[in-house]
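Dear colleague,

Please find below the structure I am handing over to you, together with its sequence. My notes on what was found in it follow directly after.

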Amino acid sequence: MSRAFSLRIFLPSGDPAGLRIVEKTNWTGHGLVVPRALFSEAKARAELDRAGVYLLVGESERGPMSRLYIGEGDPVRPRLESHARAKDFWTHAVVFTSKGDPLNKAQVQMLEARLVQLADKAKRCELENGNTPQPPSMSEAEVAEVEAFLDDVRLCLPAIGYTQIEVGAPKVAKAQRLFLKGRGIQAEGAETASGFVVFADSGATSDVAPSCPASLIELRDELLRNGALQARGEKWVLSTDYVFSSPSTAAGVLLGCSWNGLDAWMTTDGRTLKELREGSSD
């Protein structure tokens, strides 16, 4: 999915925090980011008369991860109106429809199913969908068309600040990998443009130090709840590649205590991440 592209974000009101319209070059898709506070104004927009898929995003009350609900509608408007009445958690709705040939019901159902699958696998949010929707029966050619549309949705979402469905981490050469050892565990990670990735099967302590910050404990608990951290014998391990916001957060979660990631992560020859960033070989 790494290819150059241009993204156009239009602000109808001129307010960067307001409604955003998202369009990508060479794509018939159309994105709409709607703050909940502006939904009563935005729901009259013609884009919501179309079939589409949507993400409802909000903050968690029990940890640092965001909450996410994924749905579809044909058209989208009635579904969003229902969620505005019944679901309290969301602060923004991100809607994708087509401004060319309209999406049909089967296509948006397939998009919904695939987005839920991706979010569940990524484990980067509290997924509010109670069940994983089953994709409809479609021909091979129809599935390929939906997957192509989904690829462009996945390119747009991180560019506008939504990373909840991104699975795994960018490929990293062995030479760029860093290592963490301490409190009886070992881990392997690397710096990437998306954040600091820790690779699957890296270890984590099963306990936390008394001085461990609450934010790290909350993130550890959430990773346990969603299965990204799993118990294997007396140790915990990451079940998947996981992207943390910083090397210090990654080290702190794995070691169960506050830790300076710039000093903790090292190359095989003993150079710290701090030294690598400074270009030092001492």
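In helix α6, the buried residues are Pro247, Thr249, Ala250, Ala251, Gly252, Val253, Leu254 and Leu255. The helix spans residues 247-255 and is thus mostly covered, with eight of its nine residues buried. Just after α6, Gly256 adopts a positive phi of about 70°. Please bear in mind that this is a predicted model.

Cys257 is likewise buried, with a relative accessible area of 9%. The cysteine sulfur closest to that of Cys257 belongs to Cys212, at 6.7 Å, which is too far for a bond. Cys212 also counts as buried, at 8% relative accessibility, and its own closest cysteine sulfur is the one in Cys257. Because a disulfide requires two cysteine sulfur atoms within 2.5 Å, the 6.7 Å between Cys212 and Cys257 rules out a bond there. The count of disulfides comes to zero.

As to the fold as a whole, the protein chain has eight helices and 14 strands. Along the principal axes, the C-alpha atoms fill a box of roughly 60 × 45 × 40 Å. Of the 282 residues, 49% count as buried. Among contacts with a separation of 6 or more, 62% are between residues 24 or more positions apart.

The accessible surface comes to about 13700 Å², and carbon and sulfur atoms account for 47% of that area. The chain carries 33 positive and 37 negative charges, whose mean positions are 0 Å apart.

With kind regards

Conventions: Residues are numbered from 1 along each chain as its sequence is written. This is a predicted model: local features need pLDDT of at least 70, side-chain atom pairs count only at pLDDT 80 or more; totals for chains, interfaces and linings use all residues. Side-chain values use heavy atoms; hydrogens and water are left out. Buried means under 20% relative accessible area, exposed over 50%, partly exposed in between (1.4 Å probe, protein chains only). Helices (H or I, at least four residues) and strands (E, at least two) are DSSP runs, numbered from the N terminus. Contact means heavy atoms within 4.5 Å. Accessible areas come from the Shrake-Rupley method with a 1.4 Å probe; for residues, only the protein chains shown count as cover. Lys and Arg count as positive and Asp and Glu as negative; His and the chain ends are not counted. The place of a charge is taken as NZ of Lys, CZ of Arg, CG of Asp or CD of Glu.
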